[in-house]
Amino acid sequence: MCFKNLPIEFDAQGNASLKPGVANPYSYTETPAPTPIEDDPERMRELFARNGAVRRVDFDPVTRVAGALAFHTVVDLENRQVMETASMATLFRGYEIILKGRDPRDAIFISSRACGVCGGVHATASALACEMAFGVKPPPMGVVARNLLLSTEYLYDHPIHLSLLAGPDFSEAAVRETNPEIWERARNTKTQGAAAHGYELMSDLMTDLTPLTGKLYLEGLYYTRLAREAYVLIGGKYPHPQTVVPGGVSTTIDASDLNEIMLRVVKYFDYGRKTAAIWDDLAEFFYEVNPKYRDIGTRPANMIEPGQWDDPYAYDATYENCDAWGRERWAPPGVIVDGKLVTTSLQMLNAGVEEFVEHAFYDEWTGNGDEYYRHKTDPAGNPLSPWHPWNKETIPKPQATSWKDKYSWSTAPRWDRMAMETGAYSRIWAAAQTGPDAFRDSPYIHSTGNSIQINLPKAELPNTPIEWKIPETWGAFERNRARAYCILYTAAIAYDNLQIAYNLLRKGGPDARMSTPYEMPKDHRIGVGLWGAGRGYLTHHLEMDKGVIENYQILTPSTWMASPKDPFGNPGPYEEAVLATPLLENYEKPEDFKGIDVLRAIRSFDPCMPCTTHMHMDGGRTVSREIVSCACGGDVETHDHH
Amino acid sequence: MRVLVCGVGYRFLRDNALGVYITDTLAPQASNGVEFEDLGYHPVGFTQNLNERPDYDRIVFVGAVSRGREPGTVTTYRYDHVLPGEKEIQERVGDSVTGSISLDNLIVVSEAFKALPDDVWVIEVEPVDETWGEGFSAEVESRLPEITEAVWILTRP
């Protein structure tokens, strides 16, 4: 059914099993990575003889992303093409090792520290893994409280990306510097969404995207605060909540708390509509100026989304029933291949995941599929690969960077042996294709099969329903546009859950309890937390015995997307997207090249990896900003990962 | 006189936990007008909080910062309010909202958004060990009395 590459078949009832008669069904033959251009002197000479505008351009680190990401490219500035890419996660996280031997409940608080934005969702995924392993089901109000926590967390996350991280790439300053002819056109182009955002001219909109002083930038900062204020009413603290526990939430909520959250959530109604209109205008303006902008960051629409926001009555914390409770989520799970939804089964989503380390600074933990591995099947009997997270061991192997061999601390996760991307857009895409019959009933969100319609009550401005449609082409502008629509989508889910919470409070009784008491099991158990972060896919796989963690594996959105090449010769999503990116920036001399199109492509994925940029170019030119404390541990002026 | 002592750092990164350790241990002894705050959260949040509070007369930042000095070196200085260029400020804002906790980010971002009083002091120590774990290196441990004394001196008018 859903797998083309994994050795899994399905019977008439849809039960999965390994294809019979294959000795080592998951084994593979590695396809060597292409020889990097700079390792091939003959090719270098040939390229330079033909074209003197071939340059190595390294973005190290990439700025305005969360965490330490370096990106290597070789570009042909004459033909405006990217010839070679390599994505490099420059930090070893190591939480998997820190967590071994600890009480599983410690993972909730420790794994939260994996991210300064998404700490709450790490804590939640961890709590979900624990409660699956412990066999404890939270009461409906506990689930609703989580839904509120995570919706307000995403209302922090999306404005950060759109206003503070990606937005500056489309600001007056950036556009004037890199494409002055586009800025001139913007000064004479009327917007389409003035009724929603108030800007008559594209140039005015771009001016207000200007970092530090632009109204949209400052407004984004304001909305990050509002979301945090709502979050801490339940979570106690942001970004590392104190109240997320197995079996629910360890705090109480009264009507006053809900009112305080409601007061903040409704402000996102107008902000969400406005932001969607802004990113509609930006995309359409750039497409109109040059249709090739559709190709910035383009790649096949292959996406993976575990979903989030559980139905308070459907969720039972069991793996056996996860397909059923997953499909009841406000954001249902889904795997999308070439733009089509191929499964909404959480079990198939989970069974299709593998992590490879041929190009990552780790040692292999299994002998290419033919050695003993612990979990041949999941708890429901579906086959699992030796490279599945439940079978994975984290064995760091630091070594010198080689673009042909090992060059990243990110593994190469694949689903059905394909590179997948994930983000707010995979969430809304899966929800859109789930369709009217399968998408949960919601008074505010309607799935049509190829779009999502969001209709919320009036706030301060008149109510205008909005509709996000699956785009005809896929690339950087569409990622940002979809993320912008996800502000209103998330606000609608928060609003829906607030009303459920008011009703539960009014009714009282066991359903209004915040958590379920449990006893800590001492026998061998496994569990998985499947709950996407604001930035996309997130799973925590737990194995425990005698009350402590035996193995713990965290798989994050940016592990999927910043991944290096896989053993099958396929690039990771950033690598693939940048390879396909035309260089539309206006430059006369190679020295003028800023790399804005490459950066727009990378940032559109909302990478979660904070540091500083040193953009190295051949000839010794370095565009950098002085740093004082770099998390990579390198010396300030000689910082170089190569 | 209102004084805010801000401990900057990360609790589980050994010497990097200095600022938080100082605020944890000195807060119970705070006298009228002196507040201690754990600033293990992001600078934009801190800036927004400062802008909503009554003005402080003085802010004292305490933290461990690696600048290549002799291990355990304690440096106390008055902040000169000189900002880097806009591009760097912008990038530091980006770092801040995505969870990077550093003394320099904190000072630059809060100054850029005009949240700091004129009288700002910084107490830094050169860390030795910033790996995962609890407890200070011997070099930083030996300087704790000096750092504590420097904090108390700066809380006086």
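This report describes the core, the sheets and the chain contact of a predicted model.

## Ground rules

Residues are numbered from 1 along each chain as its sequence is written, and chains are lettered from A, ligands numbered from 1, in the order in which they are written. Because the model is predicted, local features need pLDDT of at least 70 and side-chain atom pairs count only at pLDDT 80 or more, while totals for chains, interfaces and linings use all residues.

Helices (H or I, at least four residues) and strands (E, at least two) are DSSP runs, numbered from the N terminus.

## The nonpolar core

The largest nonpolar core holds 236 residues. Such a core is a set of buried Ala, Val, Leu, Ile, Met, Phe, Trp, Tyr and Cys residues joined through C-beta atoms within 7 Å. Buried means that 20 or more other C-beta atoms lie within 10 Å of a residue's own; exposed means 12 or fewer, partly exposed in between, with C-beta atoms placed from the backbone. Ile428(A), Tyr489(A), Ala491(A), Val60(B), Phe61(B) and Val62(B) touch the most other members. Helix α16 of chain A (residues 476–507) gives the most to this core, 17 residues.

Val60(B) has contacts beyond four places in sequence, including Val3(B), Trp121(B) and Leu154(B). Contact means C-beta atoms, placed from the backbone, within 7 Å.

## The sheet of chain B

Five strands of chain B form an open, mixed sheet in the order β2-β1-β3-β5-β4. Its edge strands are β2 (34–38) and β4 (74–78) of chain B. Strands pair if DSSP finds at least two bridges between them. Strands β3 (residues 58–64) and β5 (residues 119–125) of chain B run parallel over seven bridges. There, Ala64(B) stands opposite Val125(B). Helix α4(B) packs on the sheet, touching β1 (3–8), β3 and β5 of chain B.

## Strands of chain A

Strand β14 of chain A (residues 451–454) has a covered face, Ile452(A) and Ile454(A), and an uncovered one, Ser451(A) and Gln453(A). Three antiparallel bridges link β14(A) to β13 of chain A (residues 445–447). Four bridges join β14(A) to β15 of chain A (residues 466–469), also antiparallel.

Gln453(A) has a bridge partner in His446(A) and stands opposite Glu467(A) in β15(A). In the hairpin of β13(A) and β14(A), Gly449(A) takes a positive phi near 105°.

## Where the chains meet

The contact takes 24 residues from chain B and 23 residues from chain A. On the side of chain B, α3(B) gives the largest share, ten residues.

Conventions
Contact = placed C-beta atoms within 7 Å. Axes fitted to C-alpha atoms, helices over the stretch in contact; angles between N-to-C directions.
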